[in-house]
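Visitor: Please show me how the terms applied to this model follow from their criteria.

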Amino acid sequence: MLMFRASADLTPGWCVGVALQCRLTRYHLSKWCHEPYFRDLVRGTWVRVGAGMNPATRQPQYKAYQVKRVVMYSRTYKLEGTQTKYALEVDLHGKGTKAVRMDLVSNHRITDVRDACVCLVCPVV
């Protein structure tokens, strides 16, 4: 059972620490996407997804999202040398959900609290 802390109790380092402990990279997703336990494995984990370019700095922006479930995507796409039709349904930080293709997930770690945006939903470890 997951327990949640009040947002006043959270520190930025703690939020990123929790997200780093339960994150998945594109490499891991491609390795396990056709395994029978995949749907259970990814539920509740965090993924870092590209969110476009920052117009001011012209640098790529990333956001971290929590995976809610695995869904079927409308077409087959290539994921690190394998073909898949699965996508991740992620929570948009209280603004609904969205299906994200796994080839859009970053291989890099979550580096910043602004990327993580997890301070309201971090589970107690």
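Guide: We may begin with a pair of side chains: D40 forms a salt bridge with R43, and their closest N and O atoms lie 3.5 Å apart. The model is a predicted one, in which local features need pLDDT of at least 70 and side-chain atom pairs count only at pLDDT 80 or more, while totals for chains, interfaces and linings use all residues. Residues are numbered from 1 along each chain as its sequence is written, and side-chain values use heavy atoms, with hydrogens and water left out.

Visitor: Why is the pair D40 and R43 called a salt bridge?

Guide: The term requires a side-chain nitrogen of Lys or Arg within 4 Å of a carboxyl oxygen of Asp or Glu. The separation for D40 and R43 is 3.5 Å, and the pair therefore meets the criterion. A search of the whole structure finds 4 salt bridges.

Visitor: What makes D40 exposed, and what is R43 called?

Guide: Relative accessible area decides (buried under 20%, exposed over 50%, partly exposed in between; 1.4 Å probe, protein chains only). D40 has 55% and is therefore exposed. R43, at 47%, counts as partly exposed.

Visitor: Which residue forms a salt bridge with E80, and how do you know that the pair links distant parts of the chain?

Guide: The partner is R26, with the closest N and O atoms 2.7 Å apart. E80 is in the loop between β2 and β3, whereas R26 belongs to helix α2 (residues 26–32), and the two are 54 residues apart. Both are partly exposed: E80 has a relative accessible area of 43%, and R26 has 22%.

Visitor: How close are D103 and R101 in their salt bridge, and why does R101 count as buried?

Guide: The closest N and O atoms of D103 and R101 are 3.0 Å apart. R101 has 19% relative accessibility and therefore counts as buried. D103, at 25%, is partly exposed.

Visitor: How many helices and strands are there in the chain?

Guide: The chain holds 4 helices and 4 strands, in the pattern α-α-α-β-β-β-β-α along the sequence. These elements are DSSP runs numbered from the N terminus (H or I, at least four residues, for a helix; E, at least two, for a strand).

Visitor: What makes β2 and β3 a pair?

Guide: Two strands pair if DSSP finds at least two bridges between them. Between β2 and β3 there are 9 bridges, and these strands run antiparallel; V71 stands opposite A87 in β3. The two strands form a hairpin with 2 residues between them, and E80 in the turn has a positive phi of about 45°.

Visitor: How many bridges join β3 to β4?

Guide: Strand β3 (residues 82–91) is joined to β4 by 5 bridges, again antiparallel. In β4, A99 is the bridge partner of E89, and V90 stands opposite K98. The hairpin of these strands has 5 residues between them, where H93 takes a positive phi near 55°.

Visitor: Why do β1 and β4 count as edge strands?

Guide: The 4 strands form an open sheet in the order β1-β2-β3-β4, with antiparallel pairing. β1 and β4 (97–101) each have a single partner strand, so one side of each is left without a neighbour in the sheet. The twist averages 50° from one strand to the next, the angles being taken between N-to-C directions, on a range from 0 to 180 degrees, of lines fitted to C-alpha atoms.

Visitor: Where is Y62 found, and is Y62 buried or partly exposed?

Guide: Y62 is found in strand β2 (residues 60–79). Its relative accessibility is 26%, and Y62 therefore counts as partly exposed. The C-alpha atoms of Y62 and V49 are separated by 5.5 Å, although the residues are 13 apart along the chain.

Visitor: How do you know that T45 is buried?

Guide: T45 has a relative accessible area of 11%, which means that the residue is buried. T45 is found in the loop between α3 (38–42) and β1 (46–53), and its side chain reaches the backbone oxygen of V42 at 2.7 Å. Leaving aside neighbours within four places in sequence, T45 is in contact (heavy atoms within 4.5 Å) with C22, L24, Y65, Q66 and V67.

Visitor: What share of the chain's residues counts as buried?

Guide: Of the 125 residues, 34% count as buried.

Methods:
A polar contact is a pair of N or O atoms within 3.5 Å; within protein, one must be able to donate a hydrogen and the other to accept it, and residues adjacent in sequence count only if both atoms are side-chain atoms.
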